[in-house]
Amino acid sequence: MPVCCAQQQLSCILNVQVHPIAAVVRMQCNMKDKSPIIGLVDHPLRYDLSHELHARPYPTLTAPATAVFLAIKKGDDAAARDHEVDREHLINLLDRHGAAHPKPGATTHTADIGRHQVKWESHSEFVTYTAYSSGVSNRPFDPAEFEVFPEDWLADAPGERLTSALIHIDRMKPEEEIAKDVLDLFVNESVAVSRVADETAVISGDFRIDPAGHLRFMINAAENIGRRRLGRIMPHLCEIERYKSLSMLGLARSRDMSPRIGELEQKLNQLVGNMPGGSVRAEDTLDSLLNISAELESIAARSSYRFAATMAYADLVKQRISVLREQRFNGRQTFGEFMMRRYEPAIRTVSSTTERLELMSLRTVRAAELLRTRVDVERSAQNQELLESMNRRADAQLRLQRTVEGLSVVAISYYAVSLASFVVYPLAEPSGLSKDMLTAIIALPVVGLVWWMVSRIRKSIG
């Protein structure tokens, strides 16, 4: 939503005067893609991207005031949800009070609902509603303050309540009175209190859910605090709470995964431990490693978005706390110290789970590579033995072939000599030689001729 529209609506409830720069922004809202420089064409997204920086202005508040905060998140695949359903739920609330609808595709909208001003924001995984009103109730953190959101409307929400908070904004009191209010309104063992914004305000809260189902935060604002500065402190508290809650979802996912990761790690250690002895076939071990690797990749794929979002939200929590510029109040722990002691261990658990998954995947890959090398070496040795066996068989076949060739020469020579003997027998009487003598004379030439012919045939085939 353009900042000029948001500022106009904010001023209606909280009596805020629009800053002069808003006039310039209004002019930009109407300029669209037209460039004041003749012949120069603006990028089609130039003004949209520029307006995005100003689409979520902080409210302007004056103490005493009351704020009610609600964050709704779809259970599964929240990032891929239909954002139009969120808009329809918002429009349902606006129509009950005859308030203006948001523009198509808007991610933020501010409207007047009775004595409250409600700001709606759509984020990647969730939507938030923040209702402001002047004055405070007689009883701090009265659950009736949440009735700005009707019960039947809440029941139809397209998601689940991620967090909700009641914020009591009062004038600055003496330190003793603030300390007494802190003791009366919060759980002493977990309450965090600090002076913020150059000691112009004191913030307190215990991050516990009260019997009505809401968290509680209290702001005591000095007389000299600006309305815009006070309007920045309150949203920072809401952002700290919502980003803290979102990042803690990663801890729940980590705890759910830890037992199975432990089982896979034990199997991996067992497989790697059995590799040197070779008690199990390398192929079977490799199959088991591939199964473990596939399951680890599946776990990482299902959790990568949640864990990455957890770390991003954790950084936002730290950034929002640092912006407050905390100073200790009455010896109490600050918000930063509370997060360091109770929140950061949860984030480190998520971080360690991510590192554990990565290390296990790397170990599995390295073990599989070693096994593949081992299998390749074994197969190379088997191939070498096979080749040597084939060579021995080829040598045997060659020797056998030569033996057969020799025998074939003998056999052919025998029949050739017999045939030649019948040809020369008629010459026995004229020559005065016996048949045996003639056979002996022709045997050697015939055998030589047969050997020569067989050799020629072998060479031609080879």
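A crossing of two helices is called left-handed if the near helix is turned anticlockwise from the far one by less than a right angle, and right-handed if clockwise. Keep that in mind, everyone, as we go through this structure.

What we have here is a predicted model, where local features need pLDDT of at least 70 and side-chain atom pairs count only at pLDDT 80 or more, while totals for chains, interfaces and linings use all residues. Residues are numbered from 1 along each chain as its sequence is written, and side-chain values use heavy atoms, with hydrogens and water left out.

Let's begin with the whole chain. It has 11 helices and 9 strands; these are DSSP runs numbered from the N terminus, with helices being H or I of at least four residues and strands E of at least two. Of the 462 residues, 42% are buried. Buried means under 20% relative accessible area, exposed means over 50%, and partly exposed is in between, using a 1.4 Å probe and protein chains only.

Now, the helices. How do α7 and α9 cross? Helix α7 covers residues 227–274 and helix α9 covers residues 335–424, and their axes come within 8 Å and cross at roughly 35 degrees. Those axes are lines fitted to C-alpha atoms, for helices over the stretch in contact, and angles run from 0 to 180 degrees between N-to-C directions. This crossing is left-handed.

Next comes α8, residues 282–324, whose axis comes within 9 Å of that of α9, crossing at roughly 155 degrees. That is why α8 and α9 are roughly antiparallel to each other. The label follows from the angle: under 35 degrees counts as roughly parallel, over 145 as roughly antiparallel, 65 to 115 as roughly perpendicular and the rest as oblique. The crossing of α8 with α9 is left-handed too.

Let's zoom in on two residues. Is F422 buried or exposed? F422, which lies in helix α9, is exposed, with a relative accessible area of 61%. Its C-alpha atom is 9.2 Å from that of T439, 17 residues apart along the chain.

And where is R56? You'll find R56 in the loop between α3 (46–52) and β1 (65–73). R56 counts as partly exposed, at 29% relative accessibility. Beyond its neighbours within four places in sequence, R56 is in contact with T107, T108, K119, E121, S122 and H123, where contact means heavy atoms within 4.5 Å. The C-alpha atoms of R56 and W120 are separated by 9.8 Å, and these residues are 64 apart along the chain.
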